[in-house]
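Morning, everyone. Please take a look at the model on the screen, and then I'll walk you through a few parts of it.

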Amino acid sequence: MSKSPDTQRMEKIVSLCKRRGFIFQSSEIYGGLNGLWDYGPLGVELKRNLKNYWWRTMVHERDDIVGMDGSILMNRLVWKASGHEDTFSDPMVDCRSCKARLRADQITNKKGEKQCPTCGGKDLTEPRAFNLMFKTYVGATEDESSITYLRPETAQAIFVQFKNVLDVARKKLPFGIAQIGKAFRNEINPRNFTFRSREFEQMELEYFCRPEQGMELLEYWKEERLKFYENIGISRESLHVLTVPDEERAFYSKGTYDIEYEFPFGRQELEGVAYRTDYDLTQHQKASGKSLEYFDEETKQKFIPHVVEPSAGVDRTVLALICEAYTEDEAPDEKGKMETRTVLRLHPRMAPIKCAVFPLLKNKEELVAKGNEIVDLLRPHMFVFYDEGGAIGRRYRRQDEIGTPFGVTVDFETLGEKDGNLRDTITLRERDSMKQERVKIAELPALLISRIL
Ligand code: ATP
């Protein structure tokens, strides 16, 4: 059976990610471990750029949000109170024929009969709840009293520290607490590359408010989050907002939107924006016996704030960025013949390497020296890459493929050999249009900074 264009596209993306050092399979030399991934030299830069931009726009550029960084392991009572210990599960079904372990919603239904999607077998077990939290033991004894879990979301650390943060941050409602960190879920069927992993990172905001502000702030945050994705280079056309229907929403939520992205393997969730009412704080107040109330100076009232939560996945957004950016177009090779060019059209803000510096020839000392001088000039401001190997066209292609938005070529004109007026100017090439402009070296840092910020 021939593969669909989207399957082929996804395969090309996965292959590029490995070949160029964005994403590797975890523990690969030992055969890997399902649902776990490592980020290579370029992947880690992309991921950091994403997290830094989220932090910048959520925390640094606002007066009403502060950050925190909670621990991954917490007291087990947190997970009892939040409901995760009892209910954070997916219904699981086993196929007795091929032994596949499946999520109940992945079972295919052919003419009213349930079938295993792997082997087509019909001998399936009844669905049973499978808790997605990884259990572990804290301390030297492995018994009931030492059990806890790797956190399945970062949010609970924010709720249980609500009072401490409120006391030190001196914020008035509405205000938020933001956090980026690892979360772990023992997914029954990890799949679609990094999309469904067992270890991943979340960028979560808990935005606390008065009860009457909840619905309005849900709309506000949905719009803010859509703007965020556009500002990192994901077009509005590739995004979709799903209004989660009443019957699929958590019972305590008064409204939830899923922001979805058109991945090559289908439309899937990138982020959930949920109005969670006062459920979490109320649960923790009840279970801990500690007040998590807010005192309103003006009305002299005490109450438990409500919360709106935009919860985004770092890994899913990195994957969406790569999928959105992956392009093949036509460009002339060294001899002017058209060839296929692979380009990652990443937003300059997200690109791992911002600028590559190429001396035209590596055996011409003055060109190499000038190239190194430019690297030193740019390095305090951005991540730059120096490359003197191979034909210039090839060097451009290597950078196009990893999304470097700018290339600087140091040529004989830079040395002022042909025209004195061009001394200390370089050729600046833009990745997508391949347009070139002549720029003074002294003006280069400011020009690039304005384009990558
Ligand atoms: P899904 O329905 O896809 O399992 P979810 O609704 O359970 O996701 P949430 O609990 O709302 O997800 O988590 C918030 C965000 O965390 C998700 O929108 C997603 O970006 C990210 N996320 C959740 N589970 C995973 C996972 N297994 N791998 C990667 N990212 C994940």
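Let's start with a definition. Axes are lines fitted to C-alpha atoms, for helices over the stretch in contact, and angles between N-to-C directions run from 0 to 180 degrees. Two packed helices are described by the angle between their axes and the distance between the axes.

Before I use that, two notes on the source. This is a predicted model: local features need pLDDT of at least 70, side-chain atom pairs count only at pLDDT 80 or more, and totals for chains, interfaces and linings use all residues. Residues are numbered from 1 along each chain as its sequence is written.

Now the helix pair. Helix α2, residues 41-60, packs against α9 at an angle of about 115°, and the axes are 10 Å apart. Helices here are DSSP runs of H or I with at least four residues, strands are runs of E with at least two, and both are numbered from the N terminus. Parallel or perpendicular? α2 and α9 are roughly perpendicular to each other. The cut-offs: under 35 degrees is roughly parallel, over 145 roughly antiparallel, 65 to 115 roughly perpendicular, and the rest oblique. The crossing of α2 past α9 is right-handed. That word applies if the near helix is turned clockwise from the far one by less than a right angle; anticlockwise is left-handed.

Who makes the contact? From α2 come Leu46, Lys47, Leu50 and Lys51, and from α9 come Val314, Thr317, Val318 and Leu321. Contact means C-beta atoms, placed from the backbone, within 7 Å. By class, this contact of α2 with α9 has five nonpolar, one polar and two charged residues. Nonpolar covers Ala, Val, Leu, Ile, Met, Phe, Trp, Tyr, Cys and Pro; charged covers Asp, Glu, Lys and Arg; the others, Gly among them, are polar.

Next, the ligand. Which residues come nearest? Of the 16 residues around the ligand, they are Ser197, Phe200, Gly272, Ser311 and Gly313. A residue is near if its C-beta atom, placed from the backbone, lies within 6 Å. Helix α9 is back again: α9 (314-325), β12 (199-209), β15 (266-277) and β18 (306-313) each give two or more residues to this shell. The largest share, four residues, comes from β15. The shell has eight charged, five polar and three nonpolar residues.

Gly272 has another partner. Asp258 touches Gly272, along with Leu242, Val244 and Glu269, leaving out residues up to four places away in sequence. Asp258 sits in strand β14, residues 255-263. Buried or exposed? Asp258 is partly exposed, because 18 other C-beta atoms lie within 10 Å. The scale: buried is 20 or more other C-beta atoms within 10 Å, exposed is 12 or fewer, partly exposed is in between, with C-beta atoms placed from the backbone. Asp258 and Ala312 are 54 residues apart in sequence, and 9.9 Å apart in space, C-alpha to C-alpha.

Now the loops. Lys99 has a positive phi of about 70°, although it is not a glycine. Lys99 lies between β4 (89-94) and β5 (101-103). Lys99 is exposed, with 11 other C-beta atoms within 10 Å. Phe193 has a positive phi too, about 60°, and is not a glycine. Phe193 is in the loop between β11 and β12. Phe193 counts as buried, with 22 C-beta neighbours inside 10 Å.

Last, the whole chain. How many helices and strands? Twelve helices and 25 strands. Of its 453 residues, 32% count as buried.

Technical notes. Contact = placed C-beta atoms within 7 Å.
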